[in-house]
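Hello,

Here is the structure I promised to pass on to you.

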Amino acid sequence: MEAIVLAAGYSSRANAFKMTLPLGQMSVLEHTISKFEGVCSRVIVVAGFHADLIKEEIKKIHNKNIYPFRITFIYNENFNQGMFTSIQKGCNEVNDPAFFITPGDCPLVKKETLQLLAEYKGDVVIPSFHYKGGHPIKLSKVVKQKILETDPESNLRVVLNGFKKQYISVNDPGVLMDVDTQEDYQQAIDYYNKD
C-alpha cells in the first residue's frame, strides 16, 4: 500500500508553520509519516506553501535512515486553489490498489490503528472514535479514479458521498486530533507527553 500525506496548506490558523513544529524528538510531519511504517511501501508527501521547508524536512527524515519505505516529495503548484488539488496531485502518483490519505498535521494516530485499517476491504474505510470519523482514511483505486475525474474545484467529501463508507471503531483519540491552531498544538504536546 501507499499513503498520501497532505502538507500543502497555509497553516494560517496555527500562527506558525505547523508541519515542522516539534513534538518530542520529531516534527509534526515526521510523526504523521512514521505511522505508516510496516503498512506502506511508499509515502507521497504533497507540498505547496513553504514547499522548501517540507523538502528540507523530508531530507532530514531520509538522512535518519530508519524508515523502511520510500518518501516521495510532490509539489502542487495549484495548492492555493484548495486541498482537493493536492489530493488529486497525490492520487496521480499512487500505483497500488489501495492507499491511505491523511493531512500532514495528524501526528497522534496509533500505528495499530493503521494496521487495523489496512486489513479492511472496501472503497472507503474510515477510522471512528466515539462515533466521529477521523483520519487517515483508506481508499480504493476505484475512488482514486473518481477523484482524478472530478472537477478540481470540488472536494473529497463530494466524491466520497458516491461510495459506501465503512466506519471502523478504534480506541484511538488521535484519529480526531490535528494541529490547526496554537491550542491544538498545545493539546497535542500534552497528549504526546501523557502517553
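Below is what turned up, one topic at a time.

Please keep in mind that this is a predicted model.

Searching the whole structure turns up one cavity of 30 Å³ or more. The largest cavity holds about 40 Å³ of space. Which residues line the largest cavity? They are Thr 32, Lys 35, Phe 36, Thr 102, Cys 106, Val 109, Leu 114 and Pro 136. Sorted by class, this lining has five nonpolar residues, two polar ones and one charged one.

A cis peptide bond joins Pro 136 to His 135, with omega at about 0°. You can find Pro 136 in the loop between strand S8 (132-133) and strand S9 (137-140).

Another backbone detail is at His 50. This residue is not a glycine, yet its phi is positive, at about 55°. His 50 sits in the loop between strand S4 (42-47) and helix H2 (51-64). For background, most residues other than glycine have a negative phi, and most peptide bonds are trans.

Now to a pair of helices. Two packed helices are described by the angle between their axes and by the distance between those axes. Helix H3 (residues 83-93) packs with helix H5 (residues 141-149) at an angle of about 125°, and their axes are 9 Å apart. H3 and H5 are therefore oblique to each other. Their crossing is left-handed.

Which residues meet there? From H3 come Phe 84, Ile 87, Gln 88, Cys 91 and Asn 92, and from H5 come Lys 144, Ile 147 and Leu 148. The residues of this contact divide into five nonpolar, two polar and one charged.

Happy exploring!

Terms used. Residues are numbered from 1 along each chain as its sequence is written. This is a predicted model: local features need pLDDT of at least 70, side-chain atom pairs count only at pLDDT 80 or more; totals for chains, interfaces and linings use all residues. Side-chain values use heavy atoms; hydrogens and water are left out. On a 1 Å grid over the protein atoms alone, a cavity is a set of points where a 1.4 Å probe fits but cannot get out, and a pocket is an open set with protein on both sides within 12 Å along at least five of seven lines; lining residues have an atom within 4 Å of a point. Grid points are joined across faces, edges and corners, and a volume is the space filled by probe spheres set on the points. Ala, Val, Leu, Ile, Met, Phe, Trp, Tyr, Cys and Pro count as nonpolar, Asp, Glu, Lys and Arg as charged, and the others, Gly among them, as polar. Axes are lines fitted to C-alpha atoms, for helices over the stretch in contact, and angles run from 0 to 180 degrees between N-to-C directions. Helices (H or I, at least four residues) and strands (E, at least two) are DSSP runs, numbered from the N terminus. Angles under 35 degrees count as roughly parallel, over 145 as roughly antiparallel, 65 to 115 as roughly perpendicular and the rest as oblique. A crossing is left-handed if the near helix is turned anticlockwise from the far one by less than a right angle, and right-handed if clockwise. Contact means heavy atoms within 4.5 Å.
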